[in-house]
Amino acid sequence: MTDGAVMETARVLVAADKFKGSLTAVQVAERVTAGLRRIVPEVQVETLPVADGGDGTVAAAVAAGFERREARVTGPRGETVTAAYALRDTTAVVEMAEASGLQHLPAGVFAPLTATTYGSGELLAAALEAGARTIVFGVGGSATTDGGAGMLAALGARFLDADGKPVGPGGGGLAKLAEVDLSGLDPRLADVDLILASDVDNPLTGPKGAPEVYGRQKGATEEDIATLDAALSHYASILGPDHAKLPGAGAAGGIGYGALVALGARFRPGIEVMLDVLGFAPALARATLVITGEGSLDEQTLHGKAPAGVAAAARAAGLEVVAVCGRLALPPEALGRAGIRRAYALTELESDPAVCMAQAGPLLERVAEGIARDFLT
Ligand SMILES: Nc1ncnc2c1ncn2[C@@H]1O[C@H](COP(=O)(O)OP(=O)(O)OP(=O)(O)O)[C@@H](O)[C@H]1O
Ligand SMILES: O=C(O)[C@H](O)CO
(Lines give C-alpha, C1' and ligand atoms only; values in the text may rest on other atoms or scores of the structure.)
(Ligands and ions follow the chains in the order given, each with its own letter.)
Protein backbone atom coordinates (compact mmCIF):
# COMPACT_ATOMS: atom_id res chain seq x y z
CA MET A 1 0.00 0.00 0.00
CA THR A 2 1.36 3.39 -0.90
CA ASP A 3 -1.36 5.52 0.62
CA GLY A 4 -3.23 4.07 3.58
CA ALA A 5 -5.42 7.17 3.94
CA VAL A 6 -6.79 6.79 0.41
CA MET A 7 -7.33 3.07 0.92
CA GLU A 8 -9.24 3.54 4.17
CA THR A 9 -11.68 6.02 2.69
CA ALA A 10 -12.12 4.46 -0.78
CA ARG A 11 -15.76 3.85 -1.56
CA VAL A 12 -16.24 2.52 -5.06
CA LEU A 13 -19.50 2.76 -6.98
CA VAL A 14 -19.74 0.18 -9.79
CA ALA A 15 -22.34 1.49 -12.25
CA ALA A 16 -21.81 -0.39 -15.51
CA ASP A 17 -24.08 -1.67 -18.28
CA LYS A 18 -24.01 -5.26 -19.57
CA PHE A 19 -21.31 -6.61 -21.88
CA LYS A 20 -23.80 -7.70 -24.54
CA GLY A 21 -23.18 -11.31 -25.49
CA SER A 22 -21.00 -12.18 -22.52
CA LEU A 23 -22.04 -10.69 -19.14
CA THR A 24 -25.20 -9.15 -17.69
CA ALA A 25 -24.83 -5.84 -15.88
CA VAL A 26 -25.29 -7.67 -12.57
CA GLN A 27 -22.49 -10.09 -13.47
CA VAL A 28 -20.22 -7.20 -14.47
CA ALA A 29 -20.78 -5.64 -11.05
CA GLU A 30 -20.10 -8.95 -9.26
CA ARG A 31 -16.88 -9.64 -11.17
CA VAL A 32 -15.53 -6.12 -10.69
CA THR A 33 -16.28 -6.31 -6.98
CA ALA A 34 -14.51 -9.66 -6.66
CA GLY A 35 -11.39 -8.36 -8.43
CA LEU A 36 -11.20 -5.19 -6.34
CA ARG A 37 -11.61 -7.15 -3.09
CA ARG A 38 -8.83 -9.56 -3.99
CA ILE A 39 -6.36 -6.65 -3.94
CA VAL A 40 -8.01 -4.43 -1.29
CA PRO A 41 -10.16 -6.75 0.91
CA GLU A 42 -11.56 -3.91 3.01
CA VAL A 43 -12.67 -1.75 0.08
CA GLN A 44 -16.28 -0.56 0.29
CA VAL A 45 -18.13 -1.33 -2.93
CA GLU A 46 -21.66 -0.35 -3.89
CA THR A 47 -23.09 -1.82 -7.07
CA LEU A 48 -25.72 -0.16 -9.24
CA PRO A 49 -26.12 -2.00 -12.57
CA VAL A 50 -27.33 0.51 -15.19
CA ALA A 51 -29.14 0.43 -18.56
CA ASP A 52 -30.19 2.98 -21.17
CA GLY A 53 -33.79 1.99 -21.86
CA GLY A 54 -32.87 -0.85 -24.23
CA ASP A 55 -32.58 -4.51 -23.27
CA GLY A 56 -31.42 -4.97 -19.67
CA THR A 57 -33.52 -2.07 -18.39
CA VAL A 58 -35.94 -4.20 -16.36
CA ALA A 59 -33.03 -6.23 -14.98
CA ALA A 60 -31.35 -3.02 -13.76
CA ALA A 61 -34.57 -1.87 -12.08
CA VAL A 62 -34.97 -5.24 -10.38
CA ALA A 63 -31.36 -5.12 -9.16
CA ALA A 64 -32.18 -1.71 -7.64
CA GLY A 65 -35.11 -3.14 -5.65
CA PHE A 66 -38.10 -3.12 -8.01
CA GLU A 67 -40.36 -6.18 -8.00
CA ARG A 68 -40.15 -8.33 -11.14
CA ARG A 69 -43.55 -9.09 -12.69
CA GLU A 70 -44.30 -11.19 -15.75
CA ALA A 71 -47.02 -11.15 -18.41
CA ARG A 72 -47.79 -13.39 -21.38
CA VAL A 73 -47.89 -11.15 -24.43
CA THR A 74 -47.68 -11.25 -28.23
CA GLY A 75 -44.13 -11.49 -29.59
CA PRO A 76 -42.90 -9.68 -32.73
CA ARG A 77 -44.03 -12.51 -35.05
CA GLY A 78 -47.39 -13.07 -33.37
CA GLU A 79 -46.25 -15.91 -31.12
CA THR A 80 -46.89 -15.79 -27.35
CA VAL A 81 -43.89 -14.80 -25.23
CA THR A 82 -43.25 -14.19 -21.54
CA ALA A 83 -42.20 -10.62 -20.87
CA ALA A 84 -41.11 -9.02 -17.60
CA TYR A 85 -41.68 -5.53 -16.28
CA ALA A 86 -40.64 -4.00 -12.97
CA LEU A 87 -42.84 -2.37 -10.36
CA ARG A 88 -42.17 -0.35 -7.21
CA ASP A 89 -45.14 1.31 -5.51
CA THR A 90 -46.94 3.01 -8.41
CA THR A 91 -43.90 3.30 -10.70
CA ALA A 92 -43.41 0.71 -13.43
CA VAL A 93 -40.43 0.17 -15.69
CA VAL A 94 -41.64 -1.35 -18.96
CA GLU A 95 -39.02 -2.47 -21.48
CA MET A 96 -40.38 -2.79 -24.99
CA ALA A 97 -37.63 -5.26 -25.96
CA GLU A 98 -39.05 -7.71 -23.38
CA ALA A 99 -42.12 -8.02 -25.63
CA SER A 100 -40.93 -6.91 -29.06
CA GLY A 101 -37.13 -7.17 -28.97
CA LEU A 102 -34.72 -8.82 -31.38
CA GLN A 103 -34.07 -11.52 -28.80
CA HIS A 104 -37.48 -13.01 -29.60
CA LEU A 105 -36.47 -13.79 -33.18
CA PRO A 106 -34.77 -17.12 -33.89
CA ALA A 107 -31.15 -16.58 -35.03
CA GLY A 108 -31.08 -15.28 -38.59
CA VAL A 109 -34.89 -15.00 -38.90
CA PHE A 110 -36.20 -11.44 -39.29
CA ALA A 111 -39.59 -9.96 -40.03
CA PRO A 112 -38.76 -6.38 -41.07
CA LEU A 113 -42.13 -5.63 -42.69
CA THR A 114 -44.48 -7.57 -40.42
CA ALA A 115 -42.93 -7.55 -36.91
CA THR A 116 -45.39 -5.96 -34.49
CA THR A 117 -45.21 -4.03 -31.22
CA TYR A 118 -48.63 -5.38 -30.17
CA GLY A 119 -47.01 -7.15 -27.19
CA SER A 120 -45.47 -3.89 -25.97
CA GLY A 121 -48.97 -2.45 -25.76
CA GLU A 122 -50.11 -5.54 -23.84
CA LEU A 123 -47.18 -5.10 -21.48
CA LEU A 124 -48.10 -1.44 -20.87
CA ALA A 125 -51.67 -2.60 -20.20
CA ALA A 126 -50.37 -5.13 -17.66
CA ALA A 127 -48.51 -2.33 -15.85
CA LEU A 128 -51.69 -0.20 -15.84
CA GLU A 129 -53.63 -3.16 -14.48
CA ALA A 130 -51.04 -3.52 -11.68
CA GLY A 131 -51.76 0.09 -10.62
CA ALA A 132 -48.85 1.97 -12.25
CA ARG A 133 -49.30 5.76 -12.35
CA THR A 134 -45.80 6.57 -13.61
CA ILE A 135 -44.46 4.38 -16.40
CA VAL A 136 -40.85 4.54 -17.52
CA PHE A 137 -41.14 3.11 -21.02
CA GLY A 138 -37.68 1.91 -22.01
CA VAL A 139 -37.36 1.55 -25.77
CA GLY A 140 -34.59 0.17 -27.98
CA GLY A 141 -33.28 -3.18 -29.15
CA SER A 142 -36.50 -3.78 -31.11
CA ALA A 143 -37.27 -6.26 -33.89
CA THR A 144 -39.97 -3.93 -35.21
CA THR A 145 -40.53 -0.93 -37.51
CA ASP A 146 -44.27 -0.36 -37.13
CA GLY A 147 -44.32 3.19 -35.73
CA GLY A 148 -45.88 1.81 -32.56
CA ALA A 149 -49.15 1.01 -34.39
CA GLY A 150 -49.24 -2.51 -32.91
CA MET A 151 -48.75 -1.09 -29.42
CA LEU A 152 -51.59 1.41 -29.92
CA ALA A 153 -53.88 -1.32 -31.31
CA ALA A 154 -53.29 -3.42 -28.17
CA LEU A 155 -54.29 -0.38 -26.10
CA GLY A 156 -57.56 0.08 -27.99
CA ALA A 157 -56.79 2.06 -31.17
CA ARG A 158 -58.06 0.87 -34.57
CA PHE A 159 -56.07 1.06 -37.81
CA LEU A 160 -58.33 0.58 -40.82
CA ASP A 161 -57.88 0.28 -44.59
CA ALA A 162 -60.12 1.87 -47.25
CA ASP A 163 -62.63 -1.00 -46.82
CA GLY A 164 -62.84 -0.42 -43.06
CA LYS A 165 -60.88 -3.60 -42.30
CA PRO A 166 -57.90 -3.71 -39.87
CA VAL A 167 -54.58 -3.33 -41.71
CA GLY A 168 -52.01 -6.13 -41.53
CA PRO A 169 -49.33 -6.29 -38.81
CA GLY A 170 -46.03 -4.42 -38.94
CA GLY A 171 -44.80 -1.35 -40.78
CA GLY A 172 -45.62 -2.98 -44.12
CA GLY A 173 -49.34 -3.04 -43.22
CA LEU A 174 -49.40 0.73 -42.71
CA ALA A 175 -49.07 1.33 -46.47
CA LYS A 176 -52.79 0.51 -46.78
CA LEU A 177 -53.87 2.69 -43.82
CA ALA A 178 -56.86 4.95 -44.53
CA GLU A 179 -58.21 5.79 -41.07
CA VAL A 180 -57.08 5.76 -37.45
CA ASP A 181 -59.60 5.64 -34.62
CA LEU A 182 -58.10 6.48 -31.23
CA SER A 183 -61.45 6.77 -29.42
CA GLY A 184 -61.13 3.31 -27.86
CA LEU A 185 -57.72 3.95 -26.25
CA ASP A 186 -57.53 2.73 -22.64
CA PRO A 187 -58.82 5.70 -20.58
CA ARG A 188 -56.39 4.93 -17.74
CA LEU A 189 -53.59 6.23 -19.97
CA ALA A 190 -54.87 9.78 -19.52
CA ASP A 191 -53.92 9.73 -15.82
CA VAL A 192 -50.47 8.21 -16.27
CA ASP A 193 -47.13 9.98 -16.52
CA LEU A 194 -45.54 8.10 -19.43
CA ILE A 195 -41.83 8.75 -19.89
CA LEU A 196 -40.26 7.65 -23.16
CA ALA A 197 -36.83 6.49 -22.02
CA SER A 198 -35.09 6.15 -25.34
CA ASP A 199 -31.65 4.93 -26.35
CA VAL A 200 -31.62 7.24 -29.41
CA ASP A 201 -33.01 10.63 -30.50
CA ASN A 202 -33.72 9.94 -34.18
CA PRO A 203 -36.84 11.26 -35.97
CA LEU A 204 -39.39 8.83 -37.43
CA THR A 205 -38.46 8.95 -41.12
CA GLY A 206 -35.95 10.32 -43.61
CA PRO A 207 -32.16 9.95 -43.77
CA LYS A 208 -31.86 9.83 -39.96
CA GLY A 209 -35.16 7.99 -39.50
CA ALA A 210 -35.93 4.61 -37.99
CA PRO A 211 -36.00 2.50 -41.20
CA GLU A 212 -32.84 4.02 -42.69
CA VAL A 213 -30.70 3.93 -39.54
CA TYR A 214 -31.95 0.82 -37.71
CA GLY A 215 -33.83 -1.16 -40.38
CA ARG A 216 -30.83 -3.18 -41.52
CA GLN A 217 -30.13 -4.59 -38.05
CA LYS A 218 -33.72 -5.97 -38.21
CA GLY A 219 -33.11 -7.70 -41.54
CA ALA A 220 -34.56 -5.04 -43.87
CA THR A 221 -33.25 -4.96 -47.45
CA GLU A 222 -32.76 -1.63 -49.25
CA GLU A 223 -36.18 -2.14 -50.87
CA ASP A 224 -37.78 -2.90 -47.47
CA ILE A 225 -36.27 0.30 -46.07
CA ALA A 226 -37.83 2.38 -48.83
CA THR A 227 -41.18 0.60 -48.30
CA LEU A 228 -41.07 1.15 -44.53
CA ASP A 229 -40.04 4.79 -44.83
CA ALA A 230 -42.95 5.49 -47.21
CA ALA A 231 -45.41 3.54 -45.03
CA LEU A 232 -44.35 5.35 -41.85
CA SER A 233 -44.54 8.76 -43.62
CA HIS A 234 -48.08 7.90 -44.77
CA TYR A 235 -49.01 6.75 -41.23
CA ALA A 236 -47.65 10.00 -39.74
CA SER A 237 -49.50 12.09 -42.32
CA ILE A 238 -52.76 10.62 -40.91
CA LEU A 239 -51.87 10.55 -37.21
CA GLY A 240 -49.86 13.77 -36.87
CA PRO A 241 -46.80 14.75 -38.95
CA ASP A 242 -45.32 17.21 -36.44
CA HIS A 243 -44.60 14.57 -33.81
CA ALA A 244 -42.65 12.56 -36.41
CA LYS A 245 -39.85 15.12 -36.24
CA LEU A 246 -39.48 15.04 -32.46
CA PRO A 247 -36.34 13.54 -30.88
CA GLY A 248 -36.99 9.88 -30.07
CA ALA A 249 -39.87 9.50 -32.57
CA GLY A 250 -37.67 7.06 -34.47
CA ALA A 251 -36.69 5.01 -31.43
CA ALA A 252 -37.38 1.28 -31.55
CA GLY A 253 -38.84 1.31 -35.05
CA GLY A 254 -40.98 4.36 -34.39
CA ILE A 255 -42.65 3.17 -31.19
CA GLY A 256 -41.38 6.49 -29.84
CA TYR A 257 -43.61 8.28 -32.35
CA GLY A 258 -46.67 6.22 -31.36
CA ALA A 259 -46.09 6.97 -27.67
CA LEU A 260 -45.49 10.70 -28.31
CA VAL A 261 -48.37 11.31 -30.72
CA ALA A 262 -51.11 9.20 -29.13
CA LEU A 263 -50.19 8.45 -25.52
CA GLY A 264 -48.93 11.86 -24.37
CA ALA A 265 -45.47 10.48 -23.57
CA ARG A 266 -42.56 12.85 -22.90
CA PHE A 267 -39.12 12.04 -24.26
CA ARG A 268 -36.04 11.80 -22.06
CA PRO A 269 -32.66 10.20 -22.84
CA GLY A 270 -32.91 6.66 -21.44
CA ILE A 271 -29.76 6.72 -19.35
CA GLU A 272 -30.79 9.97 -17.63
CA VAL A 273 -34.20 8.55 -16.70
CA MET A 274 -32.69 5.31 -15.52
CA LEU A 275 -30.08 7.02 -13.35
CA ASP A 276 -32.97 8.82 -11.61
CA VAL A 277 -35.05 5.65 -11.26
CA LEU A 278 -32.12 3.62 -9.95
CA GLY A 279 -31.09 6.16 -7.31
CA PHE A 280 -27.74 7.06 -8.86
CA ALA A 281 -27.39 10.52 -7.28
CA PRO A 282 -27.49 9.32 -3.64
CA ALA A 283 -25.13 6.45 -4.50
CA LEU A 284 -22.77 8.94 -6.13
CA ALA A 285 -22.80 11.10 -3.02
CA ARG A 286 -21.41 8.13 -1.04
CA ALA A 287 -18.64 7.29 -3.54
CA THR A 288 -15.01 8.35 -4.00
CA LEU A 289 -14.40 6.45 -7.28
CA VAL A 290 -16.84 5.38 -10.01
CA ILE A 291 -16.38 2.41 -12.30
CA THR A 292 -18.63 2.31 -15.36
CA GLY A 293 -18.52 0.37 -18.64
CA GLU A 294 -20.20 -1.69 -21.35
CA GLY A 295 -19.27 -4.40 -23.86
CA SER A 296 -17.89 -2.09 -26.50
CA LEU A 297 -16.66 1.42 -25.71
CA ASP A 298 -16.91 3.09 -29.08
CA GLU A 299 -18.24 6.11 -30.97
CA GLN A 300 -21.82 5.06 -30.07
CA THR A 301 -20.96 5.19 -26.37
CA LEU A 302 -20.37 8.92 -26.65
CA HIS A 303 -23.88 9.44 -28.04
CA GLY A 304 -25.83 9.02 -24.86
CA LYS A 305 -25.04 5.41 -23.96
CA ALA A 306 -24.92 4.35 -20.32
CA PRO A 307 -21.18 4.92 -19.59
CA ALA A 308 -21.34 8.43 -21.08
CA GLY A 309 -24.31 9.29 -18.87
CA VAL A 310 -22.68 7.84 -15.76
CA ALA A 311 -19.39 9.62 -16.48
CA ALA A 312 -21.09 12.97 -17.12
CA ALA A 313 -23.00 12.80 -13.83
CA ALA A 314 -19.93 11.61 -11.88
CA ARG A 315 -17.72 14.30 -13.38
CA ALA A 316 -20.29 16.95 -12.49
CA ALA A 317 -20.00 15.69 -8.91
CA GLY A 318 -16.19 16.01 -9.10
CA LEU A 319 -15.50 12.27 -8.99
CA GLU A 320 -12.89 10.22 -10.80
CA VAL A 321 -14.35 7.76 -13.35
CA VAL A 322 -12.72 4.71 -14.89
CA ALA A 323 -14.34 2.32 -17.36
CA VAL A 324 -14.23 -1.41 -18.04
CA CYS A 325 -15.17 -2.95 -21.39
CA GLY A 326 -14.74 -6.00 -23.58
CA ARG A 327 -13.27 -4.01 -26.44
CA LEU A 328 -12.08 -0.44 -26.61
CA ALA A 329 -12.41 1.59 -29.81
CA LEU A 330 -11.93 5.12 -28.46
CA PRO A 331 -8.68 7.07 -28.15
CA PRO A 332 -7.70 8.49 -24.72
CA GLU A 333 -8.68 12.05 -25.78
CA ALA A 334 -12.25 10.96 -26.60
CA LEU A 335 -12.46 9.13 -23.28
CA GLY A 336 -11.17 12.24 -21.52
CA ARG A 337 -13.80 14.42 -23.18
CA ALA A 338 -16.47 11.99 -21.94
CA GLY A 339 -15.10 12.32 -18.41
CA ILE A 340 -13.45 8.89 -18.31
CA ARG A 341 -9.96 9.00 -16.83
CA ARG A 342 -8.92 5.58 -18.11
CA ALA A 343 -10.53 2.56 -19.78
CA TYR A 344 -9.55 -1.07 -19.25
CA ALA A 345 -10.42 -3.63 -21.94
CA LEU A 346 -10.51 -7.42 -21.65
CA THR A 347 -8.77 -7.58 -25.01
CA GLU A 348 -5.66 -6.09 -23.37
CA LEU A 349 -5.36 -9.33 -21.37
CA GLU A 350 -6.48 -11.75 -24.06
CA SER A 351 -6.03 -11.09 -27.78
CA ASP A 352 -8.41 -13.83 -29.02
CA PRO A 353 -11.92 -12.25 -29.11
CA ALA A 354 -13.64 -15.64 -28.79
CA VAL A 355 -11.75 -16.40 -25.57
CA CYS A 356 -12.51 -12.88 -24.35
CA MET A 357 -16.21 -13.58 -24.76
CA ALA A 358 -16.10 -17.08 -23.26
CA GLN A 359 -13.87 -16.14 -20.33
CA ALA A 360 -15.28 -12.67 -19.74
CA GLY A 361 -15.94 -13.20 -16.01
CA PRO A 362 -12.47 -14.28 -14.89
CA LEU A 363 -10.82 -11.76 -17.23
CA LEU A 364 -12.92 -8.93 -15.82
CA GLU A 365 -11.85 -9.89 -12.30
CA ARG A 366 -8.22 -9.55 -13.41
CA VAL A 367 -9.00 -6.15 -14.99
CA ALA A 368 -10.55 -5.04 -11.69
CA GLU A 369 -7.42 -6.18 -9.83
CA GLY A 370 -5.48 -3.79 -12.08
CA ILE A 371 -7.88 -0.94 -11.28
CA ALA A 372 -7.47 -1.64 -7.56
CA ARG A 373 -3.68 -1.51 -7.91
CA ASP A 374 -3.81 1.73 -9.95
CA PHE A 375 -6.45 3.61 -7.96
CA LEU A 376 -6.89 2.08 -4.52
CA THR A 377 -3.40 1.29 -3.25
N1 LIG B 1 -16.22 -10.33 -23.20
C2 LIG B 1 -16.05 -9.55 -24.25
N3 LIG B 1 -14.85 -9.40 -24.83
C4 LIG B 1 -14.68 -8.61 -25.91
N5 LIG B 1 -15.67 -7.92 -26.48
C6 LIG B 1 -16.90 -8.02 -25.93
C7 LIG B 1 -17.14 -8.83 -24.78
N8 LIG B 1 -18.47 -8.75 -24.48
C9 LIG B 1 -19.02 -7.93 -25.39
N10 LIG B 1 -18.08 -7.49 -26.25
C11 LIG B 1 -18.24 -6.60 -27.41
O12 LIG B 1 -19.26 -5.67 -27.12
C13 LIG B 1 -20.28 -5.75 -28.12
C14 LIG B 1 -21.60 -5.40 -27.48
O15 LIG B 1 -21.55 -4.04 -27.11
P16 LIG B 1 -22.36 -3.43 -25.90
O17 LIG B 1 -22.39 -4.36 -24.74
O18 LIG B 1 -21.75 -2.09 -25.69
O19 LIG B 1 -23.85 -3.36 -26.42
P20 LIG B 1 -24.46 -2.51 -27.63
O21 LIG B 1 -24.49 -3.38 -28.84
O22 LIG B 1 -23.78 -1.19 -27.72
O23 LIG B 1 -25.93 -2.39 -27.18
P24 LIG B 1 -26.58 -1.54 -25.99
O25 LIG B 1 -26.95 -0.24 -26.62
O26 LIG B 1 -27.75 -2.36 -25.61
O27 LIG B 1 -25.58 -1.37 -24.88
C28 LIG B 1 -20.19 -7.15 -28.64
O29 LIG B 1 -20.70 -7.24 -29.95
C30 LIG B 1 -18.67 -7.38 -28.61
O31 LIG B 1 -18.05 -6.79 -29.74
O1 LIG C 1 -34.67 -0.64 -31.55
C2 LIG C 1 -34.08 0.11 -32.32
O3 LIG C 1 -34.50 0.39 -33.45
C4 LIG C 1 -32.79 0.77 -31.88
O5 LIG C 1 -32.34 0.25 -30.63
C6 LIG C 1 -32.99 2.26 -31.77
O7 LIG C 1 -33.96 2.56 -30.83
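## Helix 9

The buried residues of helix 9 are Asp-224, Ile-225, Thr-227, Leu-228, Asp-229, Ala-231, Leu-232, Tyr-235, Ala-236 and Leu-239. Buried means that 20 or more other C-beta atoms, placed from the backbone, lie within 10 Å of a residue's own. An α-helix has 3.6 residues a turn, so residues three or four places apart point the same way. The cover over this buried set includes helix 6 (149-154), helix 7 (170-173) and helix 10 (255-262). Strand 8 (179-181) is also among the covering elements.

Helix 9 has 18 residues (222-239) and should span 26 Å at 1.5 Å a residue; its end C-alpha atoms are 26 Å apart, which agrees. The expected span is 1.5 Å times one less than the number of residues. Gly-240 follows, with a positive phi near 145°.

## Model and numbering

This is a predicted model; local features need pLDDT of at least 70, side-chain atom pairs count only at pLDDT 80 or more, and totals for chains, interfaces and linings use all residues. Residues are numbered from 1 along each chain as its sequence is written, while chains are lettered from A and ligands numbered from 1 in the order written.

## Domains

The domain assignment, automatic or from a database, gives domain 1 (4-48 + 279-375) and domain 2 (57-271). Their C-alpha centres are 32 Å apart. Nine residues of domain 1 and six of domain 2 form the contact, with C-beta atoms, placed from the backbone, within 7 Å. On the domain 1 side, helix 2 (25-39) and helix 14 (306-316) each give two or more residues.

Key:
Helices (H or I, at least four residues) and strands (E, at least two) are DSSP runs, numbered from the N terminus. A residue is buried if 20 or more other C-beta atoms lie within 10 Å of its own, exposed if 12 or fewer, and partly exposed in between; C-beta atoms are placed from the backbone. Two residues are in contact if their C-beta atoms, placed from the backbone, lie within 7 Å.
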